[in-house]
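Student: I would like to learn how to read a protein model step by step. Could you take me through one, giving the general idea before the particular case?

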Amino acid sequence: MRTIFAYIILMVTLNFSPVVSASSPEEAKEDYFFTHDMLSCLDCHSYIKENQDHPSIEDSNESCMECHEGSLRASSASKHKVKCLNCHSRHPEKISNDAHINVPCRACHLYGIKSVKETENNVSFWRYKEDPAFEYSPHRIVTEKEDICSRCHFKGNTLGAPDQKLPAKSFICMPCHAATFSMGDISSVIAVIIFMVGIISIICMWLAAGKGHSRYNGNESASLLCAIKGLISEGVFQKRLLRVSFRRWIIHAMIFFPFVIRFLWGIAALVASLLSPEWSTAWIMLDKNNPVTGLVFDITGLLILTGGCMIVIEKRTDKKLINIKNLPKNNVFVNILLGGMIFTGFIVEGVRITITGSPEGSQFAFIGYGISRILIGYHLNGIYVYLWYLHAFMTALFIAYLPFSRMFHIFAAPLSLFIRGTSSKR
């Protein structure tokens, strides 16, 4: 109950307490507010009760201040360190993004903290020390987003951060990534608008063509069960395609199933991080530098890229395979977009690993890590932003073009199978 009360007080204070951005170190000394001033000191410093050498105290700030009047401006050289997560939940993916999972809270939220990048055994790591220009206090807190982001995201920084802050991965990124239910970049907004226009047009054509053709067999429960079975066997496992062409089924599987794995992985991680932020496994699934996460995403990405290349090769070498009756023809432009998405994704990953100094575990993302080895020695913080937006633009273009291409069958075929299973006697 105390934890819940502390969290509510903190949220109210953060939302309604005025915060003024400090324009200089001198101003910052006075430009702060105490976010926890309505809480008891023992809410955070509970370890005092366990110290037998400490005089007995009451659970009130007044009793603490009798001896620790200047504690609000105390040095950081404290014997005891309080974990922020004892009372607070982690920021959701929309705020923290996967890049900040392992960044300590104090790196962003305390005045007087300066980030320092160090290298040991060719692997970089980050420490946070007191900036001598500031009067450090563990009770000072900053919440202005611009002030927080500018600590690391500035032109020419050597901390492994892009020169500019980037928006959270948007809704259209969910088929491949643990993304957010938001659209922070203009390319995503335009892509979703065009995609919805295409979907609405197709639905209107379906409704116009389907008038008067609905047939029900009187056994809706049996029809629904058959429809679900057909959806799984044909829509997911593509049994009909397997009977017609094993080679094409393999190519389809190399593209389809990796997308399914990535999507389920991302959705599970995102939902778990929102509903149960204290569950460590959710944050492991979101951490790109985790060995398992890096390996899974690189293997699935490689399979998709290989499948896309095989489609292009087959189209040019085997006309018989492509012209199978009643199966949608391949669209080279969509395949190029698909391959471009994955290829630029690997490049972005390689640059990310390079500028962050090859964090521990990043070597398991073997393709991105291999690319990063080639790029060592180059200052890529500025170009990373443009590569990220290039990847986002190709993804947006792919999403926008889907309803107008033959690849729309990935949505239309399962839906058609389900509708026919519930409405037809066959």
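Tutor: Let us begin with burial, where a residue counts as buried under 20% relative accessible area, as exposed over 50%, and as partly exposed in between, using a 1.4 Å probe and protein chains only. Of the 426 residues of this protein, 40% count as buried. This is a predicted model, in which local features need pLDDT of at least 70 and side-chain atom pairs count only at pLDDT 80 or more, while totals for chains, interfaces and linings use all residues. Residues are numbered from 1 along each chain as its sequence is written, and side-chain values use heavy atoms, with hydrogens and water left out.

Student: How many helices and strands does the protein have?

Tutor: Helices (H or I, at least four residues) and strands (E, at least two) are DSSP runs, numbered from the N terminus. The protein has 18 helices and 2 strands. With contact meaning heavy atoms within 4.5 Å, residues 24 or more positions apart account for 67% of the protein's contacts with a separation of 6 or more.

Student: Which residues touch the most other members of the largest nonpolar core?

Tutor: In soluble globular proteins, nonpolar side chains tend to be buried together. A nonpolar core is here a set of buried Ala, Val, Leu, Ile, Met, Phe, Trp, Tyr and Cys residues joined through side-chain atoms within 4.5 Å. The largest one has 33 residues, and those touching the most other members are Ile172, Phe259, Leu338 and Phe398. Among the elements that give two or more residues to this core are helix 8 (186-209), helix 11 (246-275) and helix 13 (291-317), while helix 15 gives the most, with 6 residues. Beyond its neighbours within four places in sequence, Ile172 is in contact with Ser188, Val192, Thr395, Ala396 and Ile399.

Student: What span should helix 15 have, and is helix 15 mostly covered or mostly open?

Tutor: The expected span of a helix is 1.5 Å times one less than its number of residues. For the 24 residues of helix 15 this gives 34 Å, which agrees with the 34 Å between its end C-alpha atoms. Helix 15 is mostly covered, since 18 of its 24 residues are buried. The buried residues of helix 8 include Ser188 and Val192, both of which are in contact with Ile172.

Student: What comes after helix 15?

Tutor: Helix 15 is followed by Gly357, whose phi is positive, near 80°. Ser358, which lies in the loop between helix 15 and helix 16, has a positive phi of about 55° although it is not a glycine. At 7% relative accessibility, Ser358 counts as buried.

Student: How many aromatic pairs are there?

Tutor: Rings of Phe, Tyr and Trp (its six-membered ring) pair if their centres lie within 6.5 Å; planes under 30 degrees apart count as stacked, over 60 as edge-to-face and the rest as tilted. By this rule there are 5 aromatic pairs. One of them joins Trp265 and Phe297, edge-to-face at 6.2 Å centre to centre with 90° between the planes. Trp265 lies in helix 11 and Phe297 in helix 13, so the pair ties together parts that are 32 residues apart in sequence. Both Trp265 and Phe297 are buried. Trp388 and Tyr389 form another edge-to-face pair, at 5.1 Å centre to centre and 80° between the planes. Trp388 counts as buried at 14% relative accessibility, whereas Tyr389, at 36%, counts as partly exposed.

Student: How many disulfides are there?

Tutor: A disulfide is a covalent bond between the sulfur atoms of two cysteines. The rule used here asks for a pair of cysteine sulfur atoms within 2.5 Å, and the count comes to 0 disulfides. As for individual cysteines, Cys149 is buried at 17% relative accessibility, and Cys309 is partly exposed at 42%.

Student: Where does Asp287 lie, and is Asp287 buried or exposed?

Tutor: Asp287 lies in the loop between helix 12 (280-286) and helix 13, and its relative accessibility of 12% counts as buried. Leaving aside neighbours within four places in sequence, Asp287 is in contact with Ile101, Asn102 and Thr293.
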